[in-house]
Amino acid sequence: MNAQRKPDSGFRRAIKRIPFLYSLLSALKNVVFTVKGFFGYHYGQRRRIALVYSSMRTGSTLFKSLIGEADDVSLIDEFNFLPYLGRNRYLFYGLVSSLAREPVILLKKPYNNNPGHLKKYGCSPLAEAKKIILYRDPYDTLCSLRNLQIRRDRRRFDDVELVEYWCDCYENLLRNTLDEEVLVVRYEDITEHPVELTAEIFPFIGSSRKEGVESYGAYEWVGGRDDISDQIKSLKVAKAKVNSREENPGLFDMVKQSKRVERILQHLDSARFQVPG
């Protein structure tokens, strides 16, 4: 694992202000990465790619930090691969394989409530990519999301929007991964049994590491893409927070009474990876 960070490019920001030139350079970049991906995929040392799908506030930063402890697994900035889910596999492979040098590249990108990405969320241009669905108790997830919006002074979802966001995310994930080999992981299981769970995840994604982990190294997490709370910076797995009904009675009742939430949870819970022992 090598923690890698690319500095922001002032040139890139300047080019974005010229739409025609930016579109032209983007098209040329896609051609270059498509060609690179073709030759790398067929004639190079094939990289193993694992994609982590989830809603926001489900512990994806903790997940990538733990799995990134393996020497052969990447630990990189969150790369927004969602716009490329419907593109050709060579472009996708060329882009992703250029992000890190490790044999296994782990990418996580929670659904960002962009309707344009929803229908393809859970898909992959690479049939052999390993897929992981990460989920957490929906009420605790949405309490955390609401609190995040308050801290960042962003437009707050009302209770209906919060529940719809969660349901839309996981309904599409389940639909788009039907009959595929997918590892379904519950956040609470990670916090309760990090060593046992990570020991099973490493071989699933193609890592040679056999020992599980419960801590992780320091990394310069990026606010807005990663969790940057004191908890994640502690470098230790902490117990999952359980929110009481008093935290948000209206949201609690809406989640608990939603048949849609209940149906999705039944599917996730029945498919979730069971911790050995």
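**Pockets, cores and local features of the predicted model**

The second largest pocket has a volume of about 260 Å³. It belongs to a predicted model. The lining of this pocket comprises 13 residues, and Leu174, Arg175, Thr177, Leu178 and His267 are the closest to its centre. Three elements, H7, strand S6 (182-186) and helix H12 (259-271), each give two or more residues to the lining. H12 makes the greatest contribution to this pocket, with 4 residues. By class, 7 of the lining residues are nonpolar, 2 are polar and 4 are charged.

The largest cavity holds about 30 Å³ of space. Its lining is formed by Lys64, Ile76, Asp77, Glu78, Leu106, Leu107 and Lys108. Strand S4 (residues 104-108) supplies the largest share of that lining, 3 residues. The lining of the largest cavity divides into 3 nonpolar and 4 charged residues, with no polar ones.

The chain as a whole has 12 helices and 6 strands. Of its 277 residues, 47% are buried.

The largest nonpolar core has 48 residues. Phe81, Leu107, Leu142 and Tyr170 have the most contacts inside this core. Helix H7 (residues 159-176) gives the most to the core, with 8 residues. A second, separate core has 26 residues, among them Val73, Tyr187, Ile190 and Ile232. Two residues named above deserve a further note. Leu107 takes part in the largest core and also lines the largest cavity. Leu142 is in contact with Leu162, Val163, Tyr165, Trp166, Leu251 and Val255, leaving aside its neighbours within four places in sequence.

Helix H4 (residues 89-97) is largely enclosed by the rest of the structure, because 8 of its 9 residues are buried. The buried residues are Tyr90, Leu91, Phe92, Tyr93, Gly94, Leu95, Val96 and Ser97. Asn88 caps the N-terminal end of H4. A side-chain oxygen of Asn88 lies 2.9 Å from the backbone nitrogen of Tyr90.

Asp140 is found in helix H6 (residues 138-151). Its relative accessibility is 5%, so Asp140 counts as buried. Not counting residues up to four places away in sequence, Asp140 touches Lys241, Val242 and Asn243. The C-alpha atoms of Asp140 and Ser244 are separated by 8.9 Å, although the two residues are 104 apart along the chain.

Arg272 sits in the segment after H12. Arg272 is buried because its relative accessible area of 18% falls under the 20% cut-off. Apart from neighbours within four places in sequence, its contacts are Tyr135, Val184, Arg186 and Asp189.

Val160 lies in helix H7. With a relative accessible area of 41%, Val160 is partly exposed. Val160 and Gly250 are 90 residues apart in sequence. Their C-alpha atoms are 9.9 Å apart in space.

Backbone angles were then considered. Most residues other than glycine have a negative phi. Arg57 is not a glycine, yet has a positive phi of about 65°. Arg57 is located in the loop between strand S2 (48-54) and helix H3 (60-67). Asn113 is another non-glycine residue with a positive phi, near 65°. The loop between S4 and helix H5 (115-118) holds Asn113. Asn113 is partly exposed, with a relative accessible area of 33%.

Terms used: Residues numbered from 1 in each chain as written. Predicted model: local features only at pLDDT ≥ 70, side-chain atom pairs only at ≥ 80, totals over all residues. Heavy atoms only, no water. Buried < 20%, exposed > 50% of the residue type's maximum accessible area, 1.4 Å probe, protein only. Polar contact = N/O pair within 3.5 Å; in protein donor to acceptor, adjacent residues only side chain to side chain. Core = buried A, V, L, I, M, F, W, Y, C linked by side-chain atoms within 4.5 Å. Contact = heavy atoms within 4.5 Å. 1 Å grid on protein atoms, 1.4 Å probe; cavity = no way out; pocket = protein on both sides within 12 Å on 5 of 7 lines; lining within 4 Å. Points joined across faces, edges and corners; volume = space filled by probe spheres on them. Nonpolar A, V, L, I, M, F, W, Y, C, P; charged D, E, K, R; others polar.
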